[in-house]
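Here is a briefing on core packing and charged pairs. Read it alongside the sequence and the 3D view.

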Amino acid sequence: LKSLSGNGAILLHPGWNFVSVPRPLALGSDTASIFAGVSSGGHSILTYNYSDGWKSLKATDLLPIMTGYWIYSTKEDSVTLKYQLNPVPVKKEVIAGWNTYGIPGMDAAAAKDALSPVKGVWKYVVGYDATLQQYETPILNDGSGDQDDDRLLQPTRGYWLYSAGAGSITG
């Protein structure tokens, strides 16, 4: 029932949080303004593009899904998400090099399944643990042990995705 309600939330921990939006947001709730109530300690919401580097988002900037965003919070908090009720599939273009990524949908997915459309080019995915304020062990394409690509990627979390080539993921 929760996934049909059209609402969700991004949970934030004190410090830096690497987040993503898992479904297209409803019109009027689809910009960086949804983070306006977060106690950010004066920090900006940041996104990364391989060709342009870091960019601070303005309140009016759209928040596409499958993209990672950095946000700072001075306390435990949450950001309400209002989703489109009948979203159309969207495409994430993956380039050679570093990409920010977030899985589409409301359910966790194994890295190898979520990234199967770019199976031949993705090399590794790195998550960030906001409670510990540190990066997690990388997930390797065809990895095993603690780097196993059966490890789950979580909705609303951002990830660094390194790719050796271009491709696209639909979600």
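**Charged pairs and cores**

E136 is partly exposed, with a relative accessible area of 24% (partly exposed lies between buried, under 20%, and exposed, over 50%; 1.4 Å probe, protein chains only). This is a predicted model: local features need pLDDT of at least 70, side-chain atom pairs count only at pLDDT 80 or more, and totals for chains, interfaces and linings use all residues. Residues are numbered from 1 along each chain as its sequence is written, and side-chain values use heavy atoms, leaving out hydrogens and water.

**Salt bridges**

- The whole structure holds four salt bridges (a side-chain nitrogen of Lys or Arg within 4 Å of a carboxyl oxygen of Asp or Glu).
- E136 pairs with R157, with the closest N and O atoms 3.0 Å apart.
- R157 sits in the loop between β13 and β14, and E136 in the loop between β11 (134–135) and β12, 21 residues apart (strands are DSSP E runs of at least two residues, helices H or I runs of at least four, numbered from the N terminus).
- R157 is partly exposed at 22%.
- D142 and K119 meet at 2.8 Å, N to O.
- D61 and K55 form a salt bridge at 3.9 Å, N to O.
- D61 is buried at 14% relative accessible area, while K55 is partly exposed at 44%.

**Nonpolar cores**

- The largest nonpolar core has 34 residues; F35, L63, Y101, L115, W122, V125 and L153 touch the most other members (a core joins buried Ala, Val, Leu, Ile, Met, Phe, Trp, Tyr and Cys through side-chain atoms within 4.5 Å).
- Another core, of five residues, lies apart from it and includes F18, W70, V126 and W160.
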